[in-house]
Amino acid sequence: MAIPLIFYYHRLNCYSFNALAGALDADPFFEDLKIDLALSVDQLQAMAADSINRHGCAIVALSILTCQFVDTHRMIGELRSRFGQEITILAGGPHATACPEQVLQSGADIIFQGEAEAIFPAVLKRVIEKLPCKPVYAPAGRVALDDYCSFSPKRGMFGPIEITRGCAFACNYCQTSHIFGTQLRHRSIDAIVRQAESLRSVNRKVVRLLSPNAFSYGSPDGRQIHLPSMRELLSALRSSLEKNTKIIFAHFPSEVRPEHVVPETLELLKEFAGNDEIVIGAQSGSNRMLDACHRSHDIASVLQAVALARKYGFKIIVDFIFGLPGETPEDLTETLKVMEEVVRLGARIHPHIFAPLPQTPFASAQPGAISAQVAAALEGLRNKRGVYGC
């Protein structure tokens, strides 16, 4: 098989491509498939040009978040203008899932909606064999996580191990529940351990666990924690890995819900995990806004979680979203007070700006902004070393 597959391997999308590469590895048809990773637009164009020069065509795969669509639209236009029909553009990701016609109109050839591990290899095979393809593909059902790997050891495309897919809470600003469902699917402990051992085989000393809500692992409903499952998972990982390998759980690229920060979950982290910091999702300091967002927790649970985690010796990052739809000056005042209290307790704030996402109840709202009042408050907290990130 001569024609390479080119992934636009942007830092915001690399985990998705790691999983697709893992799915391709499971199909003998792609045994000799070469995957090129373009880390920039210039690299992408150069790789496409080289493929066309060598093979008469190029196949490019894009994963698109809504925040990337404007830039991606421009990039697709440039690719199409330069290479015409000699390039085949495959597109997936959250924005393509929600707005397939818009992405097609931008110039993409084939769209993948939702989970693509099962359908992507089948469609790619047709593209390579120059067989007819539909413009839009959607999975027949939810993916069984144990059938696939989170990354590709064969190709050296490593990343976090996805342990849970889906989210029970369906917050009004978030696409996760709409794309992956509210019924959680948990990767089995045996499958997770096998992936962790593949990291060990290439001498990687950090194993990161990926989940929309880390402390939901093993939970039948995704709302109540299931301590035996978490203990069994972490214990099995710890037993299978070398002593100097760190297990990162409840930290980037995952977070935890405040009501799940309890002595039992923190003790599990202390016993098995290697991170001394956890990420807690608060999103607002106003109970009214938390209700409007469908967060299903209150401010008291946020402050209790921070205080308890600090008592256990953990550093804390707390996520807040600014410019949420319907946020009033009173809501903002309450949020700023909570931020001050969170920093006083020893945590850091991670500020985010609201962005309307398709498929969500807030899809038609205006994008948020950092007001002068919020900017001044963040600057004051930054001087106290109370801000993480920007």
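I take helices (H or I, at least four residues) and strands (E, at least two) as DSSP runs, numbered from the N terminus.

**Entry 1: ground rules.** I am working on a predicted model, where local features need pLDDT of at least 70, side-chain atom pairs count only at pLDDT 80 or more, and totals for chains, interfaces and linings use all residues. Residues are numbered from 1 along each chain as its sequence is written, and side-chain values use heavy atoms, with hydrogens and water left out.

**Entry 2: the whole chain.** I counted 14 helices and 14 strands in the protein chain. The C-alpha trace spans about 60 × 50 × 35 Å along its principal axes. I then checked the radius of gyration, which is taken over C-alpha atoms; the globule rule is 2.2 Å times the number of residues to the power 0.38. For 390 residues a compact globule would come near 21 Å, and the protein chain has 22 Å, which agrees.

**Entry 3: histidine 350.** I looked up histidine 350 and found it in strand 14 (residues 348-353). For contact I use heavy atoms within 4.5 Å. Leaving aside neighbours within four places in sequence, histidine 350 is in contact with Ile317, Val318, Asp319, Phe320 and Tyr388. I also took the C-alpha separation from histidine 350 to serine 198, which is 33 Å, with the two residues 152 apart along the chain.

**Entry 4: the sheet that holds strand 14.** I count two strands as paired if DSSP finds at least two bridges between them. Strands 12-13-14, in that order, form an open sheet of 3 strands with parallel pairing. Strand 12 (277-283) and strand 14 are at the edges with a single partner strand each, so one side of each has no neighbour in the sheet. On average, neighbouring strands here are turned by 25° against each other, direction ignored. Strand 12 pairs with strand 13 (residues 315-322) in the parallel sense over 6 bridges. Within strand 13, aspartate 319 is the bridge partner of glycine 281.

**Entry 5: helix 12.** Axes are lines fitted to C-alpha atoms, for helices over the stretch in contact, and angles run from 0 to 180 degrees between N-to-C directions. Helix 12 lies across strand 12 and strand 13, and runs at about 160° to strand 13. Helix 12 (residues 299-311) also packs with helix 13 (residues 329-344) at an angle of about 15°, their axes 10 Å apart. That makes the two helices roughly parallel (under 35 degrees; over 145 is roughly antiparallel, 65 to 115 roughly perpendicular and the rest oblique). From helix 12, Ile299, Leu303 and Val306 meet Val338, Glu341 and Val342 of helix 13. I sorted the residues of this contact into 5 nonpolar, no polar and 1 charged (Ala, Val, Leu, Ile, Met, Phe, Trp, Tyr, Cys and Pro count as nonpolar, Asp, Glu, Lys and Arg as charged, and the others, Gly among them, as polar).

Entry 6: Strand 7 is joined to strand 10 by 2 bridges, and glutamate 162 has leucine 210 in strand 10 as bridge partner. Strand 10 (residues 206-210) pairs with strand 11 over 3 bridges; there valine 207 stands opposite isoleucine 247.
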